[in-house]
Amino acid sequence: MVIVATDAGSSKKAYKYSEYFECPIALIDKRRDGNDDRAIASTVIGDVKDKQAVIFDDEIETGGSMIETAKILEQFGAREIYAGCTHGVLAGPAIERIKNSPIKELVVTDTVPIPKEKQIDKIKVLSMAPLFAEAIRRINEARPLGELFKMD
């Protein structure tokens with residue numbers, strides 16, 4: 001397994017995941033194409049060949065960056081590609097892009113409601129209700145919230 005940072009800005013977060021899962025990290029090198037400010041993945045820094053690649057991001061709006069990352073990972077020989085994000089906005093062409101992408105499974109939370117027509121087989125939605133309920137309970141009991149976010 002390898003944790004993949006979608007760009008240099010997400011490398012710190014990806015590094016923390018790689019420490020937790022005790023696996024290597026890879027970084028996607030992106031360049032801007034002309035004046036349209038569209039990022040294009042050009043290469044992978046790190047070894048992804050024959051590995052399960054796991055991509056984490058904060059949100060997926062149209063899916064452009066995530067799918068670009070998945071395609072470059074496939075090109076560089078990743079065996080399987082999994083992705084996860086906190087907020088699955090999934091606007092515009094996102095569902096079609098995900099459906100046609102090399103991503104095996106995308107895990108999102110329900111912080112943004114996913115309409116029935118966007119719930120395809122590749123997408124798994126996790127409920128945040130238990131976490132929010134526990135946070136509310138702890139606040140009412142004047143107990144610390146930090147324990148909810150510790151990764152053991």
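User: Rings of Phe, Tyr and Trp (its six-membered ring) pair if their centres lie within 6.5 Å, and planes under 30 degrees apart count as stacked, over 60 as edge-to-face and the rest as tilted. How many aromatic pairs does a search of the whole structure find?
Analyst: This is a predicted model, in which local features need pLDDT of at least 70 and side-chain atom pairs count only at pLDDT 80 or more, while totals for chains, interfaces and linings use all residues. Residues are numbered from 1 along each chain as its sequence is written, and side-chain values use heavy atoms, with hydrogens and water left out. On this basis, a search of the whole structure gives 2 aromatic pairs.

User: Is the pair of Y17 and F56 stacked or edge-to-face?
Analyst: The ring centres of Y17 and F56 are 3.9 Å apart, and 20 degrees separate their planes. With that angle, the pair of Y17 and F56 counts as stacked.

User: How far apart in sequence are the parts that Y17 and F56 tie together?
Analyst: Helices (H or I, at least four residues) and strands (E, at least two) are DSSP runs, numbered from the N terminus. Y17 belongs to helix α1 (residues 11-21), whereas F56 belongs to strand β4 (residues 52-60), so the parts that this pair joins are apart in sequence by 39 residues.

User: Is Y17 buried, partly exposed or exposed?
Analyst: Buried means under 20% relative accessible area, exposed means over 50%, and partly exposed lies in between (1.4 Å probe, protein chains only). The relative accessibility of Y17 is 24%, so Y17 is partly exposed.

User: Are the rings of Y20 and F21 stacked or edge-to-face?
Analyst: F21 lies in helix α1, and its relative accessibility of 38% makes it partly exposed, while Y20 is also partly exposed, with a relative accessible area of 37%. The ring centres of Y20 and F21 lie 5.0 Å apart with planes at 80 degrees, so this pair is edge-to-face.

User: In which loop is D50 found?
Analyst: D50 is not a glycine, although it has a positive phi of about 65 degrees. With a relative accessible area of 52%, D50 is exposed, and its place is the loop between β3 (38-45) and β4.

User: Is L90 buried or exposed?
Analyst: L90 likewise has a positive phi, near 50 degrees, in a residue other than glycine, and it sits in the loop between β5 and α3 (94-99). Its relative accessible area is 1%, so L90 is buried.

User: How many salt bridges does a search of the whole structure find?
Analyst: A salt bridge is a side-chain nitrogen of Lys or Arg within 4 Å of a carboxyl oxygen of Asp or Glu. One of them joins the side chains of E141 and R137, at 3.1 Å from N to O, where E141 has a relative accessible area of 41% and R137 one of 37%. A search of the whole structure finds salt bridges numbering 9.

User: Which residue forms a salt bridge with R143?
Analyst: R143 is partly exposed, having a relative accessible area of 33%. The closest N and O atoms of its salt bridge are 3.0 Å apart, and the partner of R143 is E141.

User: Which residues are linked in a network of salt bridges?
Analyst: The side chains of E147 and R138 meet in a salt bridge, 3.0 Å from N to O. E147 counts as partly exposed at 44% relative accessibility, whereas R138 is buried, with a relative accessible area of 9%. The network of salt bridges links E134, R137, R138, E141, R143 and E147.
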